[in-house]
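Thanks for asking me to look this over. Have the model open beside you as you read these notes.

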Amino acid sequence: MKLLFRGGVVAGALFAALAAQADEEANLVINGDIEITVRTDAPEHVAQLGTIYSGWVFRSDETQSLQMDDFENPGMIFVDDAIDAWNTVDGTAGNSCAACHGEPESLAGVRAVYPKWNDEAEEVRTIAMQVNGCRTERMGAEAWKYDGKEMINMEALIASVSRGMPVDVAIDGPAQSMWELGREIYYTRFGQLDLSCANCHEDNYGNNIRSDHLSQGQINGFPTYRLKNAQLNGVQSRFRGCIRDTRGETYGVGVEELIALELYVASRGNGLSVEGPSVRN
């Protein structure tokens, strides 16, 4: 078992055995027909890993099975709510999402390439930023709270129509500087525990810590329904939670640092399949 040493603190003392381990060799097929790539060769820019794995492979058999059928996946309830919002006229322009995009399936492939550079706005945008751009600029509606229920539900709907498609986030061109900032943050140690994202998800994935089977921290499954809090969770809220777990001060959602971190971490999963809304502990 790997241990983390820093400043005399033995982080390995936090490791504990799980009662139920996952079948790390299992394969994920949703509804019997959507094949999900849960392991593949790491992209060239992730030289520290030979193989990348979806967080699904590190979950218990019982949790894995919940994601294999939409009728069992509790996250799909919120997708249904998002479909209602998709078809609802809102704002001064008298538009709905459907008025411009038709059926949600028209956005198949979108989740696979976000975050991405937006030429018009001259910035890297997450899906949440793009949704709010549509709401304020095209619908004349109020922006949704960045990690609020309506936004996370809509992100789950957008992810659901891309399930099985390979993540392919661009890191070159005008997005490169944000990607480099995200990489810097990924390897920055935070908090009293003096831990970085990499310490857990690169150095110690597959080990057990605080009764959790550590994954590589891939985000191809977000938004994710967590059994721990019985709700859908957005990726930047999860980043904040990880930093808080180091007993450090964290960032607010939607700030430059977490946008950059989301871009970097998403790119580490290039080649895995979009699988949101996923189910995790």
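**Notes on the sheet and the cores**

1. Let's begin with the sheet: three strands make an open, mixed sheet, in the order β12-β11-β13. Its edge strands, each pairing on one side only, are β12 (231-233) and β13 (278-280). Strands here are DSSP E runs of at least two residues, helices H or I runs of at least four, both numbered from the N terminus; a pair needs at least two DSSP bridges.

2. A word on the source: this is a predicted model, with local features needing pLDDT of at least 70 and side-chain atom pairs pLDDT 80 or more, while totals for chains, interfaces and linings use all residues. Residues are numbered from 1 along each chain as its sequence is written, and side-chain values use heavy atoms, without hydrogens or water.

3. Strand β11 (residues 224-226) runs parallel to β13, joined by three bridges. Across that pairing, Thr224 sits opposite Ser278 of β13.

4. Now the largest nonpolar core, which holds 49 residues. Such a core is a set of buried Ala, Val, Leu, Ile, Met, Phe, Trp, Tyr and Cys residues joined through side-chain atoms within 4.5 Å, where buried means under 20% relative accessible area with a 1.4 Å probe, protein chains only. Among the residues with the most contacts inside this core are Val131, Met154 and Phe239. Helix α10 gives the most, eight residues.

5. Which residues does Phe239 touch, leaving aside neighbours within four places in sequence? They are Ile219, Leu258, Leu261, Glu262 and Val265, with contact meaning heavy atoms within 4.5 Å.

Terms used
Buried means under 20% relative accessible area, exposed over 50%, partly exposed in between (1.4 Å probe, protein chains only).
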